[in-house]
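Here is a short report on one structure. Look at the model first, then read on.

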Amino acid sequence: MTAANRPRLRRTGIGLALPAMLLLAIFFVVPVVSLLLRSVTEPDVGLQNYETLLATPTYAKIFWNTFMVASVVTTVTILLGYPVAWLLSILPARWAAIGFGIILLSMWTNLLARTYAWMVLLQSTGVINRSLQALGIIDEPLSLINNLTGVTIGMVYIMLPFFILPLQSTLRTIDPATLQAASLCGAGRWQAFWRVLLPLSVPGILSGGLIVFVMSLGYFVTPALLGGTSNMMLAELISQLVQSLLDWGLGGAAAFVLLVLTLALYAVQVHLFGTPGREA
Amino acid sequence: MLLSFNRMGGLRWVLVAIVVLVMLFLILPVMFIVALSFGSSQWLAFPPPGWTLRWYHEFFADPRWMAAIWTSTKIGILVMILSTTLGLFASFALVRGRFRGREILRAAFLTPMILPVVVFAVALYAFFLKIGLNGTLVGFVIAHTVLALPFAIIPISAALSGFDKSVEDAAILCGANPWEARLRVTFPAIRHGLFAAMVFSFLVSWDEVVIAIFMASPTLQTMPVRIWSSLRQDLSPVIAAASSLLILLTLALMLLAVLFRKKADR
């Protein structure tokens with residue numbers, strides 16, 4: 001057999017990744033970097049934009065509000081999502097499949113369709129207020145929309161699947177024998193939960209919670225539609241600075257702050273729990 | 001015992017109750033929208049005073065909605081093809097490649113998924129202003145392909161790393177050329193990964209709102225942009241009809257995915 005017609009078992013190199021790399025370089029890296037450059041060059045070279053962002057009370061309030069909404073959303077998501085992930089990880093496959101079906105349907109339903117549903121449900125003449133009034137629980141309609149309540153409900157609704165799905169796969173890896181051991185050693189249910197099950201699920205909770213928190217920090221659509229003007233969040237600020245005020249310098253600076261926060265939290269996530277999606 | 005449903009005692013009913021409530025929370029709004037789209041009340045009264053197909057008639061009679069559906073479908077299909085193809089090549093390099101910085105490259109490919117989409121949207125909007133791609137089909141396809149790429153790379157590289165390369169090598173040793181071997185041996189073996197990549201890429205594009213809001217022009221609007229601008233005016237029941245059709249599409253794709261998986265398992 002000569003060299004020419006020997007079957008070639010070449011090793012794969014980086015070459016096949018080149019088209020995708022090129023796409024990302026031109027249409028992802030270049031635009032993001034040039035936006036960040038504008039934040040330190042427009043209108044003048046320097047860090048004035050960042051000073052303005054930190055020193056103006058209106059903007060400081062938006063930062064605070066963004067953190068608060070993200071924290072509230074994450075907390076509520078964890079509290080509601082944990083029991084679901086727990087039960088889904090131990091239910092017989094047939095019942096769990098129904099649960100997964102519901103979660104996936106809700107997750108894949110168009111984001112705007114879901115937000116529209118909540119706008120209709122939560123408005124002052126909406127079903128929730130009408131029912132509560134009919135039952136005589138309240139006299140005046142509650143204001144559930146254009147405020148923190150509306151944003152929290154709408155965001156928790158969207159974030160729950162992103163928390164439940166990874167957590168239940170973590171919970172599945174816990175050996176039930178560990179809990180049998182706890183009960184053989186005399187632990188009651190409560191003790192077994194607090195001292196065995198919960199500590200074993202902490203990595204899953206932290207990892208999922210971090211994902212939810214990071215996603216909430218930069219969320220645009222739901223806060224813009226369900227939130228009020230008084231509790232604007234960072235993503236909406238960026239869009240307004242750029243689209244309405246045409247202030248690319250300040251908008252770029254705000255975008256950079258959001259970018260750094262996100263990447264820093266993502267780095268923590270990778271450091272503690274590995275690259276998400278690697279085994280997905 | 002806390003991890004065995006039958007031996008949890010009374011606690012399991014507490015857990016079941018909480019979970020049923022959360023499940024209702026997740027499913028009721030979706031069902032609510034579908035019910036409203038058939039309700040006769042202009043003001044979205046619930047339960048509806050009567051039933052009608054009026055909102056669907058209005059939806060299908062409105063050329064702006066029809067144009068939006070067509071635009072979204074065109075963009076979605078182009079993104080699906082591009083993102084799956086680029087993702088397939090990139091996955092080969094990521095899974096089989098032996099070069100330095102492979103893990104860094106993998107992380108780089110996943111960044112569009114992690115970066116807040118509003119940052120990317122604003123950056124790309126500024127960039128497209130300079131090169132004149134805002135409000136064009138090409139602009140939309142490029143933007144959505146960048147976003148969809150991670151969703152193609154993850155399932156394809158997962159499928160590829162579960163595939164034994166020696167089978168492909170065997171085909172080559174039997175005389176197939178490398179690309180023939182990939183086409184006839186490897187691709188069929190990783191088809192569930194490819195299928196997932198196609199579905200996800202299409203859905204990413206189809207559902208994408210933020211970039212679309214920035215880039216849309218009065219003459220080129222996707223479905224989400226159309227819904228967004230209607231939402232900002234009023235909560236018309238026509239939006240409920242449009243949303244219900246989107247929910248139907250989601251259900252159809254989910255069923256397709258389940259059927260496909262069943263077939264792949266057999």
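The secondary structure of chain A comes to 12 helices and zero strands. From the N terminus on, its elements run α-α-α-α-α-α-α-α-α-α-α-α. Chain B also has 12 helices and zero strands. Along its sequence, the pattern reads α-α-α-α-α-α-α-α-α-α-α-α. Chain B has a radius of gyration of 23 Å, well over the 18 Å that the globule rule gives for 266 residues, so chain B is more spread out than a compact globule. For chain A the radius of gyration is 24 Å, while a compact globule of 280 residues would have one near 19 Å.

Keep in mind that this is a predicted model. The predictor gives the complex an ipTM of 0.86 and a pTM of 0.88. The mean pLDDT of chain B is 90. In chain B, 98% of the residues reach a pLDDT of 70 or more.

The table sets out some figures for each chain.

| Chain B | roughly 70 × 65 × 30 Å | 46% of 266 residues | 74% |

## Where the chains meet

## The nonpolar core

The largest nonpolar core holds 162 residues. Which of them touch the most other members? They are Ile238(A), Ala254(A), Ala121(B), Val122(B) and Leu124(B). Helix H6 (residues 137–161) of chain B supplies the largest share of this core, 15 residues. Domain 1 (5–37) and domain 2 (56–265) of chain B both give residues to the core, so the core lies between them.

Take Leu124(B) as an example. Leaving aside neighbours within four places in sequence, Leu124(B) is in contact with Phe27(A) and Pro31(A) from chain A. In chain B, Leu124(B) is in contact with Ala143(B) and Ile211(B).

## Two domains in chain B

Chain B is divided into domain 1 (5–37) and domain 2 (56–265). How far apart do the C-alpha centres of these domains of chain B lie? They are 31 Å apart. Five residues of domain 1 of chain B are in contact with six residues of domain 2 of chain B. On the domain 1 side of this contact, four residues are nonpolar, one is polar and none is charged.

## A loop residue in chain A

Now turn to Thr125(A). Thr125(A) sits in the loop between helix H5 (111–122) and helix H6 (127–134) of chain A. Is Thr125(A) buried or exposed? Thr125(A) has 12 C-beta neighbours inside 10 Å, so Thr125(A) counts as exposed. A residue is exposed if that number is 12 or fewer. Leu142(A) is 17 residues from Thr125(A) along the chain. The C-alpha atoms of Thr125(A) and Leu142(A) are separated by 9.7 Å.

Conventions:
Residues are numbered from 1 along each chain as its sequence is written. Chains are lettered from A and ligands numbered from 1 in the order in which they are written. This is a predicted model: local features need pLDDT of at least 70, side-chain atom pairs count only at pLDDT 80 or more; totals for chains, interfaces and linings use all residues. Helices (H or I, at least four residues) and strands (E, at least two) are DSSP runs, numbered from the N terminus. The radius of gyration is taken over C-alpha atoms; the globule rule is 2.2 Å times the number of residues to the power 0.38. A residue is buried if 20 or more other C-beta atoms lie within 10 Å of its own, exposed if 12 or fewer, and partly exposed in between; C-beta atoms are placed from the backbone. Two residues are in contact if their C-beta atoms, placed from the backbone, lie within 7 Å. A nonpolar core is a set of buried Ala, Val, Leu, Ile, Met, Phe, Trp, Tyr and Cys residues joined through C-beta atoms within 7 Å. Domain bounds come from an automatic or database domain assignment. Ala, Val, Leu, Ile, Met, Phe, Trp, Tyr, Cys and Pro count as nonpolar, Asp, Glu, Lys and Arg as charged, and the others, Gly among them, as polar. pLDDT is the predictor's confidence in each residue, from 0 to 100.
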